[in-house]
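We will go from one stop to the next, picking out side chains along the way.

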Amino acid sequence: MKYKNGGQVSDSVGLLISILVRFPEVGTINLEQNDQLLKFTFLLSDAKVEFSKYHQCLADSITLFNELEGRTCRVCNLCFHEDEGIVTLELRRDVETVTQNEIKLVIDLLRQQFGEALVTDQGEEIPEEELQMQDEIIKHMLENIKRSNVDKNVIAVREDGRVLVFNK
């Protein structure tokens, strides 16, 4: 990936962009240098959804997935907030153990549990080949970040069908 001016995009920035392109359900994603964490934010449009009853199921699913893969998570926190009819779900995961397959699992579980209440970016349909390419990019960049550590705090957000990335 390259910036418009021709400069190279760092793996951390590229990872956030690829995750938002690949998974339209992710509202924002933060990469935190000090704690070496990824923070995923999802939005639910129906405040009547009782997230509390799904909270333990989602947490148990993530834990079980990682146990089956032979990993122990350093950080796996789920929290939710309701404000003015919108529920915000935050998932914090350590960079060392999170995988692309785990991200896919979380998204699939959220789709199943919340359906239409899960806010997604309704952009153009992405061809299957592009999705597979994004999966490979995410996998590669996650591996690079695990080897070299996160070098800065970065946040990526969606706005009007675009992905915007900022240093924090």
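## First stop: R111

Select R111, which counts as partly exposed at 38% relative accessibility; here buried means under 20% relative accessible area, exposed over 50%, and partly exposed in between, with a 1.4 Å probe and protein chains only. Before moving on, note that this is a predicted model, where local features need pLDDT of at least 70 and side-chain atom pairs count only at pLDDT 80 or more, while totals for chains, interfaces and linings use all residues. Residues are numbered from 1 along each chain as its sequence is written, and side-chain values use heavy atoms, with hydrogens and water left out.

R111 forms a salt bridge with D108, and their closest N and O atoms are 3.2 Å apart; the term means a side-chain nitrogen of Lys or Arg within 4 Å of a carboxyl oxygen of Asp or Glu. The two sit three residues apart in helix 3, so about one helical turn separates them. Helices (H or I, at least four residues) and strands (E, at least two) are DSSP runs, numbered from the N terminus.

Then try R162 and E159, whose side chains meet at 3.6 Å, N to O. Salt bridges that share partners also join R22, K104 and D135 into one network.

Y54 belongs to helix 2 and F114 to helix 3, 60 residues apart. Y54 is partly exposed at 22%, whereas F114 is buried at 7%.

## Into the core

The largest nonpolar core has 38 residues, and F40 is one of those that touch the most other members. Such a core is a set of buried Ala, Val, Leu, Ile, Met, Phe, Trp, Tyr and Cys residues joined through side-chain atoms within 4.5 Å. Helix 3 gives the largest share, six residues. Centre on F40 to find its contacts (heavy atoms within 4.5 Å): leaving out residues up to four places away in sequence, they include I19, L89 and I103.
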